[in-house]
Structures are given as structure tokens and as C-alpha cells.
Amino acid sequence: KKHQTELRFAQQVVKELMSKKYSSFNYPFLEPVDPVALNCPTYFDYVKQPMDLGSVSRKLSNWEYENVEQVEADVRLVFKNCYAFNPDGTIVNMMGHRLEEVFNSRWVD
Ligand SMILES: Cc1ccc(Nc2c(-c3ccc(O)cc3)nc3c(C)cccn23)cc1
């Protein structure tokens, strides 16, 4: 019961991160990075475990998570991958930090 309520909260937070409210800096994280489309052929040399918010949302809808810790780990993986590939000072790196701040402000441990 507890997990169900917590997972519903997690779903609300992920939906907010993906919302239009943050469209100026959430779009690189909404769907899987396509190295061909983005012309970044070395992406999978840096990122061994791709993750994006669209996949987290789908996994939540399919009840693929047992607990909120697993959801948090996937969301933080999105940001970790972003920083691994987009160095400090790049636009996408800064967008990751901004969205991470929103996540940290909404996520209550
Ligand atoms: C040549 C090159 C350099 C940087 C990027 N980064 C990047 C990423 C990205 C997001 C998450 C992530 O873990 C890695 C990359 N998403 C984008 C988008 C949507 C537009 C433009 C650049 N983007 C793309 C191509």
C-alpha cells in the first residue's frame, strides 16, 4: 500500500519534470538520446546505461518499479549520463543541472 502511494507521488514528480513549465530546459531528457539523430556517434562510449524521463514515465505506468528508490535511481541516472557526455559549461550540461534542481526541490526523502 505504502509503495503504491509513494509510486503515485513519484509519477507526479516525473510528469512535472517533463511538463511544458520546464520546456526550455527539459527537452534533451524527455526521450532516449538518438546518437544518429544528434550526430554524437561516441555517445555510447561515455554512457553505458542510457536513461531518459520518458522511459522512467513508461516504466512507472507499466508498474516496473517496486519502490521509489528505483525511480530515483533512474532519474538520477538521466542527469549522471548528461554530465558524463556534456562537459561543464555546455548548454545541455547546464540544462541538466537546472532540471536536477527542480527534481531535488520536489523529491522528499
Ligand atoms: C554533438 C553533440 C553534443 C552534445 C549533445 N548533447 C545533447 C543531448 C544529450 C542529452 C542527454 C545526454 O545524456 C547526452 C546528450 N541532447 C541534445 C539535444 C536534445 C539537442 C542538442 C544536443 N543534445 C548532442 C550532440
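**View 1. The lining of the largest pocket is sorted here by residue class, with 13 nonpolar, two polar and three charged residues.** The structure shown in this and the following views is a predicted model. About 340 Å³ of space lies in this largest pocket, and of the 18 residues that line the pocket, those closest to its centre are P28, F29, V33, L38 and V92. Helix α5, which spans residues 68–85, supplies the largest share of the lining, namely four residues.

**View 2. Helix α1 (residues 2–17) packs against helix α6 (residues 91–106) at an angle of about 155°.** The axes of these two helices lie 10 Å apart, and because an angle over 145 degrees counts as roughly antiparallel, α1 and α6 are described as roughly antiparallel to each other. Their crossing is right-handed. On the α1 side the contact involves F9, V13, E16 and L17, which meet L99, V102, F103 and R106 on the α6 side. Sorted by class, the residues of this contact comprise six nonpolar and two charged residues, with no polar ones.

**View 3. Helix α1 also meets helix α5, and here the two axes cross at roughly 20°.** The axes of α1 and α5 come within 9 Å, and α1 is therefore roughly parallel to α5, since angles under 35 degrees are counted in that way. The crossing of α1 and α5 is right-handed. From α1, the residues E6, L7, A10, V14 and L17 take part in the contact, while α5 contributes V68, V71 and V75. The contact of α1 with α5 is made up of seven nonpolar residues and one charged residue, and no polar residue belongs to it.

**View 4. The axes of helix α1 and helix α4 (residues 53–61) cross at roughly 150°.** These axes come within 10 Å, and the angle makes α1 roughly antiparallel to α4, because the cut-off for that description is an angle over 145 degrees. Here α1 passes α4 in a left-handed crossing. The residues L7, A10, Q11, V14, K15 and L17 of α1 meet L53, V56, S57, L60 and S61 of α4. By class, the contact of α1 with α4 has seven nonpolar, three polar and one charged residues.

**View 5. Residue L17 of helix α1 can be followed through the contacts with α6, α5 and α4.** In the contact with α6, L17 is listed together with F9, V13 and E16 of α1. Residues L7, A10 and V14 of α1 accompany L17 in the contact with α5, and L7, A10 and V14 are likewise among the α1 residues that meet α4.

Terms used:
Residues are numbered from 1 along each chain as its sequence is written. This is a predicted model: local features need pLDDT of at least 70, side-chain atom pairs count only at pLDDT 80 or more; totals for chains, interfaces and linings use all residues. Side-chain values use heavy atoms; hydrogens and water are left out. Axes are lines fitted to C-alpha atoms, for helices over the stretch in contact, and angles run from 0 to 180 degrees between N-to-C directions. Angles under 35 degrees count as roughly parallel, over 145 as roughly antiparallel, 65 to 115 as roughly perpendicular and the rest as oblique. A crossing is left-handed if the near helix is turned anticlockwise from the far one by less than a right angle, and right-handed if clockwise. Contact means heavy atoms within 4.5 Å. Ala, Val, Leu, Ile, Met, Phe, Trp, Tyr, Cys and Pro count as nonpolar, Asp, Glu, Lys and Arg as charged, and the others, Gly among them, as polar. On a 1 Å grid over the protein atoms alone, a cavity is a set of points where a 1.4 Å probe fits but cannot get out, and a pocket is an open set with protein on both sides within 12 Å along at least five of seven lines; lining residues have an atom within 4 Å of a point. Grid points are joined across faces, edges and corners, and a volume is the space filled by probe spheres set on the points.
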